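Hello,

Here is the structure I promised to pass on to you. Please have a look at it first, and then read my notes below.

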Amino acid sequence: MECAGKGSRTPCSGPATILCRRCGAVAYCSISHQVSHGNVHNKECQRLEQQMKHAHVVSDFPFTFSEEATVQVCDKRETRCSFLIKQGLHCLGMWTFEYSCGSSAAILDGSSHPLHYQSYLVVGKNIMNGGAFRCCFATSLVASIWSFRLHYDCMVFDDMSKLLYELFPLTLYWAIKPAVQGNLIPEISNELRIHYLGPEKELHQLAVFSELNAVFPDVQIHIDLVGPAIPEERNGERIELHDYAHCTETNCKCKCLTESFGPTSLQSGSSAITLKLHAGYYHDCYKDLMKLYEGSPPNLIIAPNAGVAAYRSWLQTIELIKEIKVPAFFSDYCEEACNLATSCISSVTGASPTVPIQLNPFRQPLAVEDSALFLPCYSNCFIFGI
């Protein structure tokens with residue numbers, strides 16, 4: 001963890017070990033840096049104190065491995081890598097992008113076809129199996145369970161949901177839900193167009209978006225992924241997901257479980273999910289995107305783990321979003337990052353968020369290491385809408 005007073009007139013004298021006694025969220029390398037940073041920290045200290053009081057809620061997951069993957073990682077009794085090694089997932093498949101030790105790992109190529117879930121392993125307890133299991137995502141089954149529970153606003157989990165995986169599609173679903181409920185977008189009929197800003201890890205996990213088939217059956221979903229992390233050679237690439245990504249392990253029990261939910265209800269040959277990649281910043285790509293859809297704007301914009309307050313490039317994008325008046329949702333690793341983001345956005349738009357900052361139930365249940373604050377941080381942890 002970095003010293004909160006880093007960048008002061010004097011260089012840091014050592015590791016940041018002196019905690020603020022009030023909030024406990026920031027640390028300093030020396031008393032002198034704590035004093036020099038006092039005017040800045042006093043404005044945020046009370047807010048951070050309140051967030052720290054709710055840290056146990058943020059780190060509360062209904063999983064058998066919660067203590068190891070959350071509290072122990074935050075307290076440095078465990079690392080992301082040591083946890084993944086215990087689960088047999090370290091530098092394996094899509095978990096390649098979750099390691100923190102600097103190990104060399106092969107980059108998955110998702111450019112030619114959607115990735116199978118063969119190595120995208122999950123760990124948990126399954127009553128039907130009678131013990132621990134390692135299998136694929138069990139895609140339609142898991143997504144249908146989450147969809148059912150969300151439909152009835154019942155966040156009660158049984159052993160079948162004690163799984164560890166990236167939750168990009170369900171975070172997207174969680175953004176669409178309040179957008180519809182708040183009349184920010186009309187009721188979804190048979191088509192939905194989304195602009196997805198700043199993809200990074202998602203570029204190697206594009207197959208997970210097929211899970212939207214489960215929560216939006218019979219809806220044609222078009223997702224334009226836009227961001228500077230998209231390689232130029234993939235600019236304009238189009239990917240069609242006709243069905244759920246199926247398990248490739250020969251004896252995996254999830255095959256018989258998913259069959260009970262039936263195949264996708266879409267007609268053969270139709271494409272439920274269409275993805276298209278666009279290299280560059282959103283404000284630079286927008287005119288070309290409009291040409292694709294004859295000038296019709298998207299239904300929704302979403303920017304996962306956006307870091308709005310950290311990157312000046314967001315300024316022009318926020319100005320564009322204000323101009324086109326399209327509902328937009330942003331997520332980030334912690335509540336404070338969202339607070340800073342809403343402050344930046346309000347300075348541009350002159351308005352408060354239409355959907356206030358709220359905890360995302362589909363945040364990744366694996367703590368982020370070496371964050372700038374002692375606040376618990378998780379991928380897509382908090383979300384808000386403008």
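Among contacts (heavy atoms within 4.5 Å) in the protein chain between residues at least 6 apart in sequence, 73% join residues at least 24 apart.

Some housekeeping: this is a predicted model, in which local features need pLDDT of at least 70 and side-chain atom pairs count only at pLDDT 80 or more, while totals for chains, interfaces and linings use all residues. Residues are numbered from 1 along each chain as its sequence is written, and side-chain values use heavy atoms, with hydrogens and water left out.

The protein chain has 13 helices and 12 strands; these are DSSP runs numbered from the N terminus, with helices being H or I of at least four residues and strands E of at least two. Of its 386 residues, 53% count as buried, meaning under 20% relative accessible area with a 1.4 Å probe, protein chains only. The chain exposes about 18100 Å², and carbon and sulfur atoms supply 52% of that (Shrake-Rupley method, 1.4 Å probe).

Strand 6 (residues 220-227) and strand 8 (residues 273-279) run parallel and are joined by 7 bridges. One of the residues to look at is D224, whose bridge partner in strand 8 is K276.

Strand 9 and strand 10 also run parallel, with 3 bridges between them, and A303 stands opposite F330 in strand 10. How many residues of strand 10 are buried? The count is 5 of its 5. A328, F330 and D332 lie on one side, F329 and S331 on the other, and all are buried.

Axes here are lines fitted to C-alpha atoms, for helices over the stretch in contact, and angles run from 0 to 180 degrees between N-to-C directions.

Finally, the axes of helix 12 (residues 314-324) and helix 13 (residues 335-349) come within 10 Å and cross at roughly 55°. The contact is made by L315, I318, E319 and K322 of helix 12 and I345, V348 and T349 of helix 13.

Best wishes

Definitions and conventions:
Pairing = 2+ DSSP bridges. Buried < 20%, exposed > 50% of the residue type's maximum accessible area, 1.4 Å probe, protein only.
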